[in-house]
Amino acid sequence: MPSPFHILATGPWRPGSVHLHPTPSTRLLLPQIEQTINHLWTQGLSQTPLLFDGPMCRLESITPPSPSPELQPWDPPPPNITLHISPTSYKIFFGTNLHQPHLFPQYGPTPLANPIGLSAAVLTSDHYLLLGQRNSSVAYYPNRIHPFAGSLEPSDPDPFSAIQRELHEELSLPPNDLHNLTLLGILEDAHLHQPELIFQVSVPQTLATLRSQLDPTEHHSIHPIPLSSLPQSLSNPHLTPVAQGTLSLLLPSYLNPEP
């Protein structure tokens, strides 16, 4: 069975070592695709009036480039990387990656929005990894288990500030409580073809405290995984591809702890 995700790059990288560089968009504009995007958006608004065409950041490239055309991870990782980004929006994501992933086999990534997603493996003081149980009303992967996540926005100064913003919105976590914030790697959902930055962070709060702080807008509950059960949890069929990728990137540090 093919993997539900592809790892594009593995770190780790700490704050200050991942940079953003705005660049002109290379997204391929084809009239029939743009018309379909508009049609899907109008249809989506009629079904879910709360849809919002928010600004997002398209991943154009990463430098230094990975060492092979197959996008194998670096070994060892470079000390610094730059994400070259261009403007895109949720409407374009909604009308390409989300509802027309079949465009990828024909055109490759060029007509897709390819917005940069952000996901966090949140590790509590009582030794749980926290993921979220998504609501039935979200646009994709409803009712599935997914990291607390969001997307990079043009106003974000860097990816670490962006994930701090998302964790404050979803779990009321202040930046000062985010310890050892690390970018573990970059992966791609094999179905949506969307790049996702995967972070690890330790917090002083317990599972019980964070359950009381959960914003229910996207997740109706917290799905806790004891750190001792990480390997067994990978087989959970309710995990989204990004959740599976997050566990896969997190596992080596627990299976092979530093002395």
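A residue counts as buried when its relative accessible area is under 20%. By that rule, 51% of the 259 residues in this chain are buried. The model is predicted. The chain holds seven helices and eleven strands.

**Overall shape**
- A compact globule of 259 residues would have a radius of gyration near 18 Å, and the chain agrees, with 18 Å.
- Along the principal axes, the C-alpha atoms fill a box of roughly 55 × 45 × 40 Å.
- Take the contacts between residues at least 6 apart in sequence: 73% of them join residues at least 24 apart.

- Strand 3 and strand 4 (residues 81-89) run antiparallel and are joined by eight bridges.
- Strand 2 and strand 4 run parallel, with five bridges between them.
- Pro-22 has Ile-85 in strand 4 as its bridge partner.
- Strand 4 is mostly covered, with eight of its nine residues buried.

**Helix 2, an enclosed helix**
- Why is helix 2 described as largely enclosed by the rest of the structure? Eight of its nine residues are buried, so the rest of the structure largely encloses it.
- The buried residues of helix 2 are Tyr-90, Ile-92, Phe-93, Phe-94, Gly-95, Thr-96, Asn-97 and Leu-98.
- Their cover includes helix 1 (31-47), strand 3 and strand 4.

**Nonpolar cores**
- The largest nonpolar core has 35 residues. Leu-83, Val-122 and Leu-167 have the most contacts inside it.
- Several elements supply at least two residues each to this core, including strand 1 (5-13), strand 5 (117-123), helix 4 (159-171) and strand 9 (179-189).
- Strand 3, strand 4, strand 10 (195-202) and helix 5 (207-213) each supply at least two as well.
- Helix 4 gives the most to this core, with five residues.
- Setting aside residues up to four places away in sequence, Val-122 touches Tyr-128, Leu-129, Leu-130, Leu-167, Leu-171, Val-201, Val-203 and Leu-210.

- Gln-133 sits in strand 6 (residues 128-134).
- Is Gln-133 buried or exposed? Its relative accessible area is 17%. The cut-off for buried is under 20%, so Gln-133 counts as buried.
- The side chain of Gln-133 reaches the backbone oxygen of Asn-143 at 2.9 Å.
- Not counting residues up to four places away in sequence, Gln-133 touches Asn-143, Arg-144, Ile-145, Glu-218, His-219, His-220, Ser-221 and His-223.

Definitions and conventions
Residues are numbered from 1 along each chain as its sequence is written. This is a predicted model: local features need pLDDT of at least 70, side-chain atom pairs count only at pLDDT 80 or more; totals for chains, interfaces and linings use all residues. Side-chain values use heavy atoms; hydrogens and water are left out. Two strands pair if DSSP finds at least two bridges between them. Helices (H or I, at least four residues) and strands (E, at least two) are DSSP runs, numbered from the N terminus. A nonpolar core is a set of buried Ala, Val, Leu, Ile, Met, Phe, Trp, Tyr and Cys residues joined through side-chain atoms within 4.5 Å. Buried means under 20% relative accessible area, exposed over 50%, partly exposed in between (1.4 Å probe, protein chains only). Contact means heavy atoms within 4.5 Å. A polar contact is a pair of N or O atoms within 3.5 Å; within protein, one must be able to donate a hydrogen and the other to accept it, and residues adjacent in sequence count only if both atoms are side-chain atoms. The radius of gyration is taken over C-alpha atoms; the globule rule is 2.2 Å times the number of residues to the power 0.38.
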